[in-house]
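I record here, in order, what I looked up in one protein chain.

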Amino acid sequence: PENTLAAFKRAMDDMADYIELDVQLTADDEVVVMHDASAARTTGVDRKISEMTLEEVKQLDAGSSFSAEYAGEQVPTLEEVEQIMKDLDERKEALS
């Protein structure tokens, strides 16, 4: 599912040179990774990210609309994506 930790992990597993992501600001000024201003297309919840708190955004399911395999996949924060990319990069360097 786009803009999820699963998608970014897959990109790293596939040896992508880079990733592209989009960010939105929540009502409580947290930066989350989401392409659209509304959560409707990717989560089925017709609300604007800017009108939701991080706690509310973290309750959204960003995976089920893509595949049952990804049910429960959360909308990540930018910080979570940065951390997972750093961890994956360090792991790959260690294997080289």
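**Entry 1: basis.** I noted that this is a predicted model, in which local features need pLDDT of at least 70 and side-chain atom pairs count only at pLDDT 80 or more, while totals for chains, interfaces and linings use all residues. Residues are numbered from 1 along each chain as its sequence is written, and side-chain values use heavy atoms, with hydrogens and water left out.

**Entry 2: helix α4.** I took helices (H or I, at least four residues) and strands (E, at least two) as DSSP runs, numbered from the N terminus. Helix α4 covers residues 78-95, which is 18 residues. The expected span is 1.5 Å times one less than the number of residues. For α4 this gives 26 Å, and the end C-alpha atoms are 26 Å apart, which agrees.

I then asked which residues of α4 are buried. Buried means under 20% relative accessible area, exposed over 50%, and partly exposed in between (1.4 Å probe, protein chains only). The buried residues of α4 are Val81, Ile84, Met85 and Leu88. They cover an arc of only 100° around the axis, so they lie on the same side of α4; the arc is that of the directions from the helix axis to the C-beta atoms. On the face turned away from this buried side I found the exposed residues Glu79, Glu82, Glu93 and Ala94. The cover over the buried residues of α4 includes α1 (5-13) and β2 (31-33), where contact means heavy atoms within 4.5 Å.

**Entry 3: helix α1.** In α1, I listed Ala6, Phe8, Ala11 and Met12 as buried. Their cover includes β2 and α4.

**Entry 4: salt bridges.** Side chains of opposite charge can pair when their charged atoms come close. I counted a salt bridge when a side-chain nitrogen of Lys or Arg is within 4 Å of a carboxyl oxygen of Asp or Glu. The count comes to five salt bridges.

Lysine 58 pairs with glutamate 80, with the closest N and O atoms 2.8 Å apart. Lysine 58 lies in helix α3 (residues 54-58) and glutamate 80 in helix α4, so the pair ties together parts that are 22 residues apart in sequence. Lysine 58 counts as buried because its relative accessibility is 18%, whereas glutamate 80, at 30%, is partly exposed.

Aspartate 36 and arginine 41 meet at 2.7 Å, N to O. Glu2, Asp36 and Arg41 are linked in a network of salt bridges. Glutamate 56 and arginine 47 form another bridge, at 3.6 Å between the closest N and O atoms.

**Entry 5: backbone angles.** Most residues other than glycine have a negative phi. Asparagine 3, although not a glycine, has a positive phi of about 55°. Asparagine 3 sits in the segment before α1 and is buried, with a relative accessible area of 8%. Methionine 15 has a positive phi of about 65° and is not a glycine either. Methionine 15 lies in the loop between α1 and β1 and counts as exposed at 60% relative accessibility.

**Entry 6: surface patch.** Which residues form a nonpolar patch on the surface? I found Val23, Leu25 and Val31, with about 210 Å² of accessible area together. Patches are made of residues with over 30% relative accessible area and no salt bridge; like charges are joined within 9 Å, and nonpolar side chains (Val, Leu, Ile, Met, Phe, Trp, Tyr) within 5 Å. The areas come from the Shrake-Rupley method with a 1.4 Å probe, and for residues only the protein chains shown count as cover. Leucine 25 belongs to strand β1 (residues 23-25) and is partly exposed, at 42%.
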